[in-house]
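Here is a short note to read alongside the model.

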Amino acid sequence: MGQHHICHFTYKAKPRIAHPYRLIHKNGVWYLAAEEAGRLKNFSVALIEALQVDHTQHFTPKRAHLDYIANKDDVWFTEQTTEVLLRVAPEIAHYFARRQLLPQQQQRQDSDGSLLVTTQINHINQLLPVVRYWLPHVRIVQPKAWEEELVRGWSKRW
């Protein structure tokens, strides 16, 4: 294994000191998986400014972080997840049934052809773009507050 160097950069106008682990490509966007202040985070590479590699400081990657990154199927790095329940209309149910569109997605088909989909979401912003894409054919059943946020955000646009 090679040497791992600490990096300094500016991200969202804030100076950062990070232990970089891996570059991740997801949905056309590159992310840097890195530890900052003891927490594993992802940083959009396009938003990283003034990157400097400190060749005088080394770190040893944590096995737990390496395993976590290797087993994640998305770029949302948080320890807490929220179980979300969606209702997917029969017209588009096959899109959800044929491939996993959401993390840890599981579904059950009802007699009317609709799907009841459960997923584990790290942050509401991980879910809302997917639901908005499929509106009006997808509803957030649980948590209710997330459905209300979706409706509130949608009404602000119009």
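1. Two strands count as paired if DSSP finds at least two bridges between them. Strand 2 and strand 3 meet that rule with 7 bridges, and they run antiparallel. One of the paired positions is R22, whose bridge partner in strand 3 is A33. Please keep in mind that this is a predicted model.

2. Next, the order of elements. The protein chain has 4 helices and 9 strands. From the N terminus they run β-β-β-β-β-α-β-α-β-β-α-β-α.

3. In what order do the 5 strands of the open sheet stand? The order is 4-3-2-1-5, with antiparallel pairing. Strand 4 (39-44) and strand 5 (48-58) are at the edges. Each has a single partner strand, so one side of each lacks a neighbour in the sheet. From one strand to the next, the twist averages 45°.

4. Now the other pairings in this sheet. Strand 1 (residues 5-11) and strand 2 run antiparallel and are joined by 5 bridges. Here C7 stands opposite A18 in strand 2. The hairpin of these two strands has 2 residues between them, and K12 takes a positive phi near 55°. Strand 3 (residues 29-36) is joined to strand 4 by 6 bridges, again antiparallel. Y31 has S44 of strand 4 as its bridge partner.

5. Helix 1 (residues 63-71) lies across strand 2 (14-26), strand 3 and strand 4. Helix 1 runs at about 45° to strand 2.

6. Further along the chain, look at strand 8. Strand 6 pairs with strand 8 in the antiparallel sense over 7 bridges. In this pair E83 stands opposite Q120. Strand 7 (residues 106-109) is also antiparallel to strand 8, with 4 bridges. There Q109 stands opposite L115. The hairpin of strand 7 and strand 8 has 5 residues between the strands, and G113 takes a positive phi near 95°.

7. Is strand 8 largely enclosed or largely open? Of its 7 residues, 6 are buried, so strand 8 is largely enclosed by the rest of the structure.

8. The largest nonpolar core has 19 residues. Which of them touch the most other members? They are L86, F96, L127, V138 and I140. Strand 6 (82-88), helix 2 (93-98), strand 8 (115-121), helix 3 (124-134), strand 9 (138-142) and helix 4 (144-157) each supply at least two residues of this core. Helix 3 gives the largest share, 5 residues.

9. Leaving aside neighbours within four places in sequence, V138 is in contact with L86, R87, V88, I92, F96 and V131.

10. Finally, the overall dimensions. The C-alpha trace spans about 65 × 35 × 25 Å along its principal axes. The radius of gyration is 19 Å, whereas a compact globule of 158 residues would be near 15 Å.

11. Of the 158 residues, 39% count as buried. The chain exposes about 10100 Å², and carbon and sulfur atoms supply 51% of that. Among contacts with a separation of 6 or more, 56% come from residues 24 or more positions apart.

Note on methods
Residues numbered from 1 in each chain as written. Predicted model: local features only at pLDDT ≥ 70, side-chain atom pairs only at ≥ 80, totals over all residues. Heavy atoms only, no water. Axes fitted to C-alpha atoms, helices over the stretch in contact; angles between N-to-C directions. Contact = heavy atoms within 4.5 Å. Core = buried A, V, L, I, M, F, W, Y, C linked by side-chain atoms within 4.5 Å. Buried < 20%, exposed > 50% of the residue type's maximum accessible area, 1.4 Å probe, protein only. Rg over C-alpha atoms; globule rule 2.2 N^0.38 Å. Areas by Shrake-Rupley, 256 points an atom, 1.4 Å probe, with all protein chains shown as cover.
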